[in-house]
Amino acid sequence: MSFDTLYQSRDPVTPRPTFAELSVVAVLRDVQTDDGVTIPAGTEGTIVGIWAGGEAYEVEFDEPVAGNATVRAEALRVA
């Protein structure tokens, strides 16, 4: 298959996620971990999962507490 064929067969309407897996991000507002612990705004974490094509992300935090939280894309920024 040639490059031209691959280019023509790509899906141009599927949006790419805003953040890549293993990106370091900061939360823009308080979020809760899966265990119910509050992570304050400004806390940095690492993206470990991408949900619904980038609508939400699984973020792993180390400090101030260790835990994971599912966070909507609009509540994240690049750290």
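## Overview

Of the 79 residues in the chain, 29% count as buried. The model is a predicted one. The chain contains one helix and seven strands, and their order along the sequence follows the pattern α-β-β-β-β-β-β-β. Among the contacts with a separation of 6 or more, 43% are made by residues 24 or more positions apart.

## The sheet

Five strands make up an open sheet, arranged in the order β6-β5-β4-β1-β7 with antiparallel pairing. The edge positions are taken by β6 (67-72) and β7 (76-78); each has a single partner strand, so one side of each is left without a neighbour in the sheet. From one strand to the next, the twist averages 45°.

Strand β1 pairs with β4 (residues 44-51) in the antiparallel sense over three bridges, and here V24 stands opposite T46 in β4. Five bridges connect β4 to β5, again in the antiparallel sense, with I47 opposite V59 in β5. Between β5 and β6, which run antiparallel, there are six bridges; E58 stands opposite T70 in β6.

## The β4-β5 hairpin

Strands β4 and β5 form a hairpin with four residues between the strands. Within this hairpin, A52 adopts a positive phi near 50°.

In soluble globular proteins, nonpolar side chains tend to be buried together. The largest nonpolar core of this model has 14 residues, of which V27, V31, Y57, V59, F61, V71 and L76 touch the most other members. Two or more residues are contributed to this core by each of β1, β5 and β6. Strand β5 supplies the largest share, three residues.

Which residues does Y57 touch, not counting those up to four places away in sequence? The list comprises P17, T18, F19, I47, G49, I50, W51, A69, T70, V71, A73 and L76. Two of these, V71 and L76, are also named among the core residues that touch the most other members.

## The aromatic pair

A pair of aromatic rings is described by the distance of the centres and the angle of the planes. The count for this model comes to one aromatic pair. The ring centres of F19 and Y57 lie 5.4 Å apart and the planes meet at 75°, so the arrangement is edge-to-face; an angle over 60 degrees is what this class requires.

F19 belongs to the loop between α1 (3-9) and β1 (24-27), whereas Y57 belongs to strand β5 (residues 56-61), so the pair ties together parts that are 38 residues apart in sequence. F19 and Y57 are both buried.

## The salt bridge

How many salt bridges does the count give? The count comes to one salt bridge. It joins the side chains of E74 and R72, with an N to O distance of 2.9 Å. The cut-off for such a contact is 4 Å.

Are the two partners buried, partly exposed or exposed? E74 has a relative accessible area of 47% and is therefore partly exposed. R72 likewise counts as partly exposed because its relative accessibility is 46%.

G67 is located in strand β6. With a relative accessible area of 14%, G67 is buried, as this value is under 20%. Apart from neighbours within four places in sequence, G67 is in contact with T33, V59, E60 and F61. G67 and G45 are separated by 22 residues in sequence and by 9.6 Å in space, C-alpha to C-alpha.

N68 also has its place in strand β6. At 26% relative accessibility, N68 counts as partly exposed. Leaving aside neighbours within four places in sequence, N68 contacts T33, D34, V48, E58, V59 and E60. T33 and N68 are 35 residues apart in sequence, yet their C-alpha atoms are 5.2 Å apart in space.

Technical notes. Residues numbered from 1 in each chain as written. Predicted model: local features only at pLDDT ≥ 70, side-chain atom pairs only at ≥ 80, totals over all residues. Heavy atoms only, no water. Buried < 20%, exposed > 50% of the residue type's maximum accessible area, 1.4 Å probe, protein only. Phe/Tyr/Trp six-rings, centres within 6.5 Å; stacked < 30°, edge-to-face > 60°. Pairing = 2+ DSSP bridges. Axes fitted to C-alpha atoms, helices over the stretch in contact; angles between N-to-C directions. Core = buried A, V, L, I, M, F, W, Y, C linked by side-chain atoms within 4.5 Å. Contact = heavy atoms within 4.5 Å.
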